[in-house]
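The following note sets out numbered comments for a student who is reading this model. Please keep the sequence and the structure in view while going through the points.

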Amino acid sequence: MSLEKLQQKFPPTENKQVLVTEVTRMTGGQVCVAGLDIHSGVMVRPLQPSGHNWPEEKWVGGGYLVVGNVISLAAAKAGNSSYPHASEDFRVARVGKQGEASAAELYAACAETSDQSLEDIFGGNLVEGKYALANSECRSLGSISIRAQKLRATTFYGKTQVSYQDRWKTWHNLPVTELQTKNKGDADAGTQSLSARLTSAGWQDVILRLGLARSWDGGDQGFDPKRCYLQLNGIILPN
């Protein structure tokens with residue numbers, strides 16, 4: 001019903017209407033953005049016409065690419081993306097802000113469209129629960145719902161990560177790329193802030209917004225094929 005309410009609030013147009021669910025910080029002052037197409041229920045990763053990500057100062061600072069916003073995306077000429085990211089990549093000619101979803105609407109929409117497990121999202125393509133091989137024909141974005149009390153935020157080698165144990169007793173350690181956490185300053189400050197958010201949720205479920213990073217060759221390790229590592233793009237709390 002949550003998506004139905006958003007569909008009524010933001011009627012269909014010739015453009016995609018997308019609820020921004022996650023914004024992650026990249027290098028070079030850029031952000032990667034993803035969201036839920038409220039009329040199809042599938043995830044979209046908007047990109048500039050060149051296929052590049054978005055300058056943070058202009059698009060986040062300007063109030064467009066912000067979690068909870070509903071944005072209108074006019075299609076640009078399609079580009080060539082490799083899997084798994086080709087599943088969601090969408091080049092955009094024009095971005096417009098249509099409005100905002102409430103915190104409750106954002107949470108409900110994410111909960112309604114969440115999967116049961118990492119395996120359900122990535123179709124069994126995760127290796128050791130950590131990465132998918134480049135060109136794996138699966139989704140690169142998704143979410144799961146999990147009790148906040150089961151999550152632990154720590155700093156590991158100078159980076160914030162969230163850990164949890166799944167129903168098969170396997171531990172997952174997810175590096176956090178979420179802009180909200182990154183904006184707290186150094187990793188320890190980000191970890192402290194994220195821990196407080198999780199504590200505030202108590203025994204309620206939170207939504208983990210998950211994604212696969214672009215393929216990486218491992219540097220000196222020379223991965224062949226390249227690997228797309230799993231990361232935590234965002235956390236949506238129930239209030």
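1. Arg 214 sits in the loop that links strand 12 to strand 13; strands here are DSSP runs of E with at least two residues, helices are runs of H or I with at least four residues, and both are numbered from the N terminus. Is Arg 214 buried, partly exposed or exposed? Its relative accessibility is 38%, so Arg 214 counts as partly exposed. The cut-offs are as follows: buried is under 20% relative accessible area, exposed is over 50%, and partly exposed lies in between, with a 1.4 Å probe and protein chains only.

2. The model is predicted: local features need pLDDT of at least 70, side-chain atom pairs count only at pLDDT 80 or more, and totals for chains, interfaces and linings use all residues. Residues are numbered from 1 along each chain as its sequence is written, and side-chain values use heavy atoms, with hydrogens and water left out.

3. Which residues does Arg 214 contact, once neighbours within four places in sequence are set aside? They are Arg 45, Leu 47, His 85, Asp 89, Arg 227 and Cys 228, where contact means heavy atoms within 4.5 Å. A further pair to locate is Arg 214 and Leu 230: they are 16 residues apart along the chain, and 9.7 Å separates their C-alpha atoms.

4. The loop between strand 12 and strand 13 also holds Pro 225. The peptide bond leading from Asp 224 to Pro 225 is cis, and its omega is near 5 degrees. A cis peptide bond also joins Tyr 83 and Pro 84, with omega about 10 degrees. Pro 84 belongs to the loop between strand 5 (69–75) and strand 6 (89–100).

5. Gly 79 is likewise placed in the loop between strand 5 and strand 6. With a relative accessible area of 34%, Gly 79 is partly exposed. Between the C-alpha atoms of Gly 79 and Arg 91 the separation is 7.0 Å, and the two residues are 12 apart along the chain.

6. Tyr 157 has a positive phi of about 50 degrees and is found in the loop between strand 9 (152–156) and strand 10. Lys 169 has a positive phi of about 70 degrees, and its place is in the loop between strand 10 and strand 11 (171–175). Tyr 157 counts as exposed, at 75% relative accessibility; Lys 169 also counts as exposed, at 61%.

7. Pro 175 lies in strand 11 and is partly exposed, its relative accessible area being 31%. Not counting residues up to four places away in sequence, Pro 175 touches Thr 160, Gln 161, Leu 230, Gln 231 and Leu 232. Pro 175 and Tyr 229 are 54 residues apart along the chain, while their C-alpha atoms are separated by 9.4 Å.

8. A nonpolar core is a set of buried Ala, Val, Leu, Ile, Met, Phe, Trp, Tyr and Cys residues joined through side-chain atoms within 4.5 Å. How many residues does the largest nonpolar core have? The number is 26, and the residues with the most contacts inside this core are Val 206, Leu 208, Leu 210 and Ile 235. At least two residues of the core come from each of helix 4 (118–122), strand 8 (141–147), strand 10 (159–165), helix 6 (187–201), strand 12 (205–212) and strand 13 (227–236). Apart from this core lies another, of 17 residues, including Leu 36, Met 43, Cys 110 and Ile 236.

9. Finally, the protein as a whole. It has 6 helices and 13 strands. Its radius of gyration is 17 Å, close to the 18 Å that the globule rule gives for 239 residues, so the protein is as compact as a globular protein of that length; the radius is taken over C-alpha atoms, and the rule is 2.2 Å times the number of residues to the power 0.38. Of the 239 residues, 49% count as buried. Among contacts between residues at least 6 apart in sequence, 65% join residues at least 24 apart.
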